Amino acid sequence: MSAGWTWRYDRYDPEREPLVEALCTLGNGRFATRGSAPECTAGTTHYPGTYLAGCYDRLTSTVAGQQVENEDLVNLPNWTLLRYRCLPDDGPPGDWLTPEAEELRRYEVHLDLRAGVLARRLFYEDARGRGLRVSHVRVVHMGDPGVAAQRTLFRAYGWKGAVEVRSVLDGDVTNGGVERYRHLDGRHLGGHRTGFDSGGVAWISCRTVDPGIRIAMAVRTVTRPARPARETADSLGTVQTYRLPVVPRRSATVVKTLVLRTSTDRPAADPLTAATDLITRAPAFPRLLSAHTAAWQRVWEQGELHVPGEAGRILRLHVFHLLQTLSPHTADLDVGVPARGLHGEAYRGHVFWDELFVLPYLDLHFPEVARALLMYRYRRLPAAREAARRAGHEGAMYPWQSASSGREETQALHLNPRSGRWLPDHSRLQRHVGSAVAFNVWRYAQATGDRGFLHSEGAEILLEVARHWAGAAVYDPALRRYRIRGVVGPDEYHDAYPDAAAPGIDDNAYTNATAAWVLARGLDVLGELPGARRSELSERLSLDDGELARWEDVSRRLYVPFHQGVVSQFEGYGDLAELDWEAYRTRYGDIRRLDRILEAEGDTVNRYQASKQADTLMLGYLFRPEELNGLFGRLGYALDDETWRATVSYYLRRTSHGSTLSSLVHGWVLARQRGADAWRYCEEALLADVADVQGGTTGEGIHLGAMAGTIDLVERGITGLDTVPGGLRVAPVALAEIPRFTFTLCCGRHRGVRLRMLPGRFAIRVPASPEGPLTVERPGGGRSTVEPGQERWFRR
Ligand code: BGC
């Protein structure tokens, strides 16, 4: 197993275990299981969680005297639990062993990224020198998205007797993985039934509370040497107990194979009948493992990014987790991009704007998956229309946090763990999420050439978001411009003006500039629709010339505030107090969550020029300098290089990086302008999860947006890659720390196009096919073609 494909931990550290569990999660896009030790149940150290994509449940809880509803990605029964103890011939039974046991001598966790296999090896030895080696191997099947398996091997050293093994299917689980949510009701499963079938099969069936999704798990346990089980069950779970003889140099094995079925699967079938039927046909472990490995090989061929060295190893881990959350199987599901993967319960499995950072990779490697994720948004267009209508607006207003239905799922109150206070959460005012959805539609169509989608579902999304912006913008005669008021920008810290009675800030530059962009693209898409489709859509959406004239006007006259020669994050940002950053750093060390620190002090971050994450600078992430100039130019503002550079350095000094997205975006922006500090931010983004830089948050789930963003930083950021009709434009920027890399991408009808970057030059290889040549546009305007079956080199 080559080092570049391995992720490993070689000692047991209880404090690090939640991080290990998150980073060793295995999944196949349909469901995932955290990389927890099979010996342990949920507690403060261990948290075995299994999550099914899109399986949410709604409960009402009372916190701070208020009733709050929360919709959570449901933690499913634990299928991995395996307890064991030694029964030596010459002594009393030992204790049930776990990594906490005094007898633990060695503990190693290996994640094989190429094969998608998690191995955990433990070695115990008691005071009399009696040893037991335990090796677990786990897979969540990439080929068959309903299946997972775990094989455990026991080997005795210096004694003989038996190992008593309990194979447990544990339905007594709750959503309890995030300390901050412990006040919320987390018991999402009810109506449990349990039982056994022949052939070592145990099963559990239960349902979520609301909307009552039925879930069935069938687990087959097979031992070698084969032994009958003593089977006991209660209403919440099953236990199969085996007594396996062990002698030195001969091992005993236990294989648990899981089939997971739910009432949302297609074709529809009773989940329990389907699960207990399918488990009888699930292959034995070796065959299951080879089919799983072969499926991963296919996924890697399409998805791999190869970068030499340690950065490349981390990037591969990022690709791995992205593909476990959103795999080719996702194309068959109605799910969005969960911000924290299927790896934990932070943010309750909700879908934010983070797909903005995830879709570019999928556009290039797995366009069918990208399209499916956009369809998740399309199916929730009626909910977004309804949200706009209730707010007194037109068009579609996508929710800041989305889950099953597409209604707003942002919590009404959030806890500041520092002060212990529950506070109103106004982050739902981040209306910019709608522009992110529209942006993703447009970019997907540009990257893939899928005009069919753009002209149907895509156009509808874009036009409805544009319509919302045109209606939300209010003309201010004093400014002679349109304004969008009462919102929150990506920064999130600023949710109101100091001492204001109502939440929201006005004219967030990012919100307004991207709204102008959406309006302009809405007009573009209408312009390019075939006549019949244009008439049909205009009629269905009741779009008339008067409304389109307003779009044109708003798209050219939205207000973007400036102060001191820089773009203002929002109107009045420049009037806020300056924070004494050094004093806060000295006093608190880590000040990423400055909002919590200030609130706990009885102050508020709203008073200061202090941002959580890139906000105005997000513009420099979405748009290249020339595109940004064009966008501002259309709005009647001159945004020259000098103003943009001044804006970048202004906000860099005033940002606490309280989100993992922040360093990523700053890394991009600086790399684009060849800023000296680019690598510092890129490196921080690379380390965000593996080093858990936000101080304990990764254990609650990976940061999928930041992970995907780092991959994209290499694939599109460093290469300056864009898809153009018939081919690619490549305009590399130098990032000395990542001088060489290779990846394959889809470009129009060409699949498996290979791009190789080396210092000073790059190559493009187009696989043999009946397609025409691929056009390559280069810096300085040169245009070449690469024939199928050919590789061509270019100077960088
Ligand atoms: C960030 C948001 C992000 C969310 C989910 C928050 O901390 O501020 O921008 O969408 O996390 O990842």
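What follows is a short tour of domains, cavity, ligand and pocket.

Guide: This is a predicted model: local features need pLDDT of at least 70, side-chain atom pairs count only at pLDDT 80 or more, and totals for chains, interfaces and linings use all residues. Residues are numbered from 1 along each chain as its sequence is written, and side-chain values use heavy atoms, without hydrogens or water.

Visitor: Into which domains is the protein chain divided?

Guide: Domain bounds come from an automatic or database domain assignment. Here, domain 1 spans 2-300 and domain 2 spans 741-795. Their C-alpha centres lie 45 Å apart.

Visitor: How many cavities of 30 Å³ or more does the structure hold?

Guide: Rolling a probe the size of a water molecule over the atoms shows where empty space is left. On a 1 Å grid over the protein atoms alone, a cavity is a set of points where a 1.4 Å probe fits but cannot get out; lining residues have an atom within 4 Å of a point. Grid points are joined across faces, edges and corners, and a volume is the space filled by probe spheres set on the points. This structure holds 4 such cavities.

Visitor: What lines the largest cavity?

Guide: Its lining includes A53, G54, Y56, T325 and L326. Strand β4 (residues 50-63) gives the most, with 3 residues. Strands are DSSP runs (E, at least two residues), as are helices (H or I, at least four). By class, this lining has 7 nonpolar, 3 polar and no charged residues.

Visitor: Which residues are around the ligand?

Guide: A residue counts as near if one of its heavy atoms lies within 4 Å of the molecule. Among them are W353, D354, W400, E492 and Q613. A polar contact is a pair of N or O atoms within 3.5 Å. Polar side-chain atoms reach ligand oxygen atoms at 2.9 Å from W353, at 2.6 Å from D354 and at 2.4 Å from Q613. The protein covers 95% of the 310 Å² of accessible area that the ligand has on its own (Shrake-Rupley method, 1.4 Å probe).

Visitor: How much space lies in the second largest pocket?

Guide: A pocket is an open set of points with protein on both sides within 12 Å along at least five of seven lines. This one has about 780 Å³ of space. Of its 36 lining residues, the closest to its centre are R30, T264, D265, R266 and L333. β4 gives the most to this lining too, with 5 residues.

Notes:
Ala, Val, Leu, Ile, Met, Phe, Trp, Tyr, Cys and Pro count as nonpolar, Asp, Glu, Lys and Arg as charged, and the others, Gly among them, as polar. A polar contact is a pair of N or O atoms within 3.5 Å; within protein, one must be able to donate a hydrogen and the other to accept it, and residues adjacent in sequence count only if both atoms are side-chain atoms.
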